[in-house]
Every structure is written in C-alpha cells, then in structure tokens.
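Dear colleague,

I am passing on a structure for you to look through, and below it you will find my notes on what was found. Please read them with the structure open beside you.

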Amino acid sequence: MKKVFPSDDHVIPVLPELLSSIRQLIDASRRRVAVAVNAELTMLYWHVGTHIRSAILQGERAEYGKKIIAHLSRDLTVIYGNGWSEKTLRHCLRIAEIFPSEEIVSALGRQLSWTHIKSLICGQKRHSCSRVFNRASSPRNPAGKTAPGY
C-alpha cells in the first residue's frame, strides 16, 4: 500500500497536529488489531491440534494418523480455502504437544507472532520453547519482547 501524504500547499495551520494525532490513533489501533488477530489464530491452531490429538489420534502418533491428516487437510481446504495444508495441521499438532496448557498458549499468542511460535516449535525441544516463553513473559520484560538472540 502506497502511503500518500498531503501537500503542504493547502494545509490549514492546525491540520498538521490534528493529522498527526489521528494518525497515531489509527496506527495504535492497527497494532492492537494485529495482536488480537494473532492471539486468536494462535489459540485456534492450538485448539485444532488439541482436538486432532484427543479426538482422532487419541494422543498417540499412529500410522493412520498421516492418512487422517491428509484427508482432513484436503477437506478443510475445500471448505475454507488455502491455509489448511498438512504442514499447517502438523504445526497445530506440534504446538498442542509442546504446550498442553491453554493458559501458556494464550499468553504466548499475545506475546509472539504465529510465525515466531512456529519457528520455535519446529525442531525445538520443549525446554527451549519454555525458556523463550518464560523470558518473553518475565516481569522485567512487560512488553513481551524477546531478548536478543531468541
């Protein structure tokens, strides 16, 4: 999206301050919306993974699980369009395996983007993810920013 700024030719003296304050409101609102959407998507993916684990795979990895994931992916893609690939469903399963607590996932979703969470859960050990979560949500880090190197 191309950003367009008004020309200074036709600016009423109060307009720059008004424009600046309204832009701040809009930008802050956009950030809050992005955080809320990300948190909800993270919870959705966790719930999908938890549901697959408990209702279909009964908490175990079985050979038929691969077939179920493939069929489920195909059906969800037909119904909802792209975004429900086998890989996505495996990510859903992985987050449910690593973080069995809804409270932890809820906090994670408010602190980190889904892309960041995926990078942590793919190939990471449970203790590494927990360390990053604990660091991101520590009282010394109230904004939830991850420390350099994480």
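Please keep in mind throughout that this is a predicted model. To begin, in which helix does Ser73 lie? Ser73 lies in helix α2, which covers residues 63-80. Since buried means under 20% relative accessible area, Ser73, at 7% relative accessibility, counts as buried. If we set aside the neighbours within four places in sequence, Ser73 is in contact with Trp84, Ser85, Glu86 and Leu89.

With 13 residues, α3 reaches 18 Å from its first C-alpha to its last, close to the 18 Å expected at 1.5 Å a residue. Its buried residues are Thr88, Leu89, His91, Cys92, Leu93, Ile95, Ala96, Glu97 and Ile98.

On the α3 side, His91, Arg94, Ile95 and Ile98 take part, and they meet Trp114, Ile117, Lys118 and Ile121 in α5. The residues of this contact divide into 5 nonpolar, 1 polar and 2 charged.

Finally, helix α1 (residues 15-56) has 42 residues and reaches 59 Å from first C-alpha to last, which is close to the 62 Å expected at 1.5 Å a residue. Among the buried residues of α1 are Ala28, Asn38, Tyr45, Trp46 and Ile52.

Technical notes. Residues numbered from 1 in each chain as written. Predicted model: local features only at pLDDT ≥ 70, side-chain atom pairs only at ≥ 80, totals over all residues. Heavy atoms only, no water. Contact = heavy atoms within 4.5 Å. Helix = DSSP H or I, 4+ residues; strand = E, 2+ residues; numbered from the N terminus. Nonpolar A, V, L, I, M, F, W, Y, C, P; charged D, E, K, R; others polar. Expected span 1.5 Å × (residues − 1). Buried < 20%, exposed > 50% of the residue type's maximum accessible area, 1.4 Å probe, protein only.
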